[in-house]
Amino acid sequence: MPRTVRQKTFYSPAIREVEVIDAYDVTPGMRRIVFGGDQLRGYTTEDGIEVPAFRSDEFDDAVRFLFPTPGEAEAILPRQGDGELIHPSDGRPMVRAYTVRYWDPAENRLVVDFVRHGTGVASTWSARCGAGDRAHVVGPHVTDAHPENIDHMLIVGDETALPAIGRWIEDHPRGQAATVIIEVAADADKQEIPAGPEVDVRWLVRGDAPGGTTSLMFDAVAGLDWPDGAVYAWVAGETLSLKAIRRHLVEDRQLPKSHLEVAGYWRRETVATLADDPALPDASEDWAEDKFHEMCELLPPIALRVAVTLDVPEQLSRGVGRLDDLAAATGCDRAALAKFLRYLITADLVEQDGDRYRLTNLGEQLTDDYYAKDLHLESPEALAERALFGLADAVRTGRSVYADRFGVGYRDLMGTHPSGGRYFGDADDFANYIAPTLVTTDVFDGLDHVVVHADGGATYATKLVEANPDMRVTIVGMPAQIDHIRADLGDTLDTDPLFARIDLRAQSVFEELPAADGVLLVSMLDKNPDADAVHLLRRLAATGAKLIVVEEPLQESTISDHDTMADLTNLAVYGSGFRTDAEHRALFTAAGLRVASAQHIYCGETVYTLA
Ligand SMILES: Cc1cc2nc3c(=O)[nH]c(=O)nc-3n(C[C@H](O)[C@H](O)[C@H](O)COP(=O)(O)OP(=O)(O)OC[C@H]3O[C@@H](n4cnc5c(N)ncnc54)[C@H](O)[C@@H]3O)c2cc1C
């Protein structure tokens, strides 16, 4: 089955200045603006680009008006390029979509109907404009031909869809049967649109209820005697209120997606208004859509990592600016690198001056090791983050996706990967933050021999033996971790008397452990899914040693996007995620253990002692 039964045609993107010829109310709730202007007939730009005449062929063709930001005199406009619009990088206009109610090429008249809905850039502009005022429109960029081979059109919409619906009723293919359902605010907002006998027009009046809040359209659709034959449904109006209609058409009426079009024409939301003009929204608040748009982009975070991995920023900052030189210095394919640089230019990270590329101020950040070390695709961070491509599986199953995707578990990989040294080194740095405070708590009082199981284990061990002159410590870790400690400490291991009291054991914590009266686990539960964490706790408890667990519980009241990102990354990597205090306690209970004490140390780390 085709994806849609409406054939798409694209028009060359064009921006035009139009002039208000007339402005009047069609109904109390609908303002009609008649536009003219030479650019509707097509024009030639100063740099010789031919812009074709305005064109609109179908009932739901739409243009986009580009308005100034409220409070500004002029809109920030794109420049007409050859078959494209070139957008300035330093701002955007307020863009609002409107249907072409009529287009009369002979008279050069474009008619647009604006709903009067109170505060709004477009709505207010239409209410205030008068003959001679000017505006800018782009589009239509695309038109969808009338659906083919259908027996019945079901058309549903509120007043924002009324211009399209009116145009359909007037222009529809001869004899096309249809049911048309239109919701308006009041009886006075119904429009006289002559329809043939094959078109059943039903008006719904919502009265005092605000637009987008009633179930009138849904009720009307759900209550229809469903027409025979192939039905095409076109539905437009307030985005959220259309969801129920869509679900009904797909699930209850079994309408194939190729025969269904549900278009959110506006979204009911609260906007802040300008203090001195409440009819206009405060554009500084108009960021939600931008934010969403940015969130949809997958390439920027990947491109940053690729740039660092290929050493492009570093080479550029060293003045290797010509494409040939840069390709040679980075070992890249010249043509592919040119494409990549082209993207980096549009992302404002690189600029070009003649045949030389260089970093912008923003791009300079990529040479800052603080960022670069984590962005490199072979860094421990990036090697963990790649598990996010399996997040759907992780969320579905609650399990780690790492070994399935990459053939080896993440910590095992760190044991063999060249960046493993960084991984363990970072763990040492972290241990240096918390160990000094940790060892001064009373949880180690009276212990003679402590087994330490933690990344950064050598740091905890040395701080413990420093603080407790009679204590012995055994560090238990995977072979690579123990190797890292040996390599890191070198001769100190043999010469420093402190290490006479520290043993290193390359073994799994699940194997038999040396006899000890204390076990310290730091950030190990968050690297194990619940079942494994419970198993680990049970095994350690079975040794009879005092269990000391250090974790950083998620604080739900202050949770940030960084916390939730780390949580999901950990879920995909280890099948665990980060746990709240309550979730930790549930684990302990599941392992048959009781929290004897819990104390907060450095930066949200909590030390639990378990009995
Ligand atoms: C393809 C397409 C075609 C469209 N055709 C038309 C058309 O021909 N005529 C038309 O009037 N609209 C049409 N719309 C809808 C129109 O683009 C939106 O209503 C738009 O938000 C209006 O912009 P604004 O600057 O007036 O208000 P905004 O600045 O976008 O919004 C300000 C406030 O007004 C509210 N609001 C926006 N629209 C409405 C509304 N209709 N009723 C009640 N509250 C509202 C918002 O929730 C917000 O609180 C179309 C939309 C699309 C996508």
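Between which two strands does the loop that holds Arg101 lie? Arg101 is found in the loop between strand 9 (94–99) and strand 10 (102–104), where strands are DSSP runs of E with at least two residues, numbered from the N terminus.

## Basis of the model

This is a predicted model, in which local features need pLDDT of at least 70 and side-chain atom pairs count only at pLDDT 80 or more, while totals for chains, interfaces and linings use all residues. Residues are numbered from 1 along each chain as its sequence is written, and side-chain values use heavy atoms, with hydrogens and water left out.

Strand 3 (residues 30–36) is largely enclosed by the rest of the structure, because seven of its seven residues are buried, that is, under 20% relative accessible area with a 1.4 Å probe and protein chains only. In a regular strand the side chains alternate between the two faces of the sheet. Here both faces are covered, with Met30, Arg32, Val34 and Gly36 buried on one side and Arg31, Ile33 and Phe35 buried on the other.

Strand 2 (residues 15–27) pairs with strand 3 in the antiparallel sense over seven bridges, pairing being assigned if DSSP finds at least two bridges between two strands. These two strands form a hairpin with two residues between them, and Glu19 stands opposite Gly36. Strand 3 also pairs in the antiparallel sense with strand 11 (residues 109–115), over six bridges, and there Val112 is the bridge partner of Ile33.

Arg101 is buried, with a relative accessible area of 2%. Leaving aside neighbours within four places in sequence, the residues in contact with Arg101 (heavy atoms within 4.5 Å) include Arg32, Val112, Asp113 and Glu170.

How values were computed. Buried < 20%, exposed > 50% of the residue type's maximum accessible area, 1.4 Å probe, protein only. Helix = DSSP H or I, 4+ residues; strand = E, 2+ residues; numbered from the N terminus.
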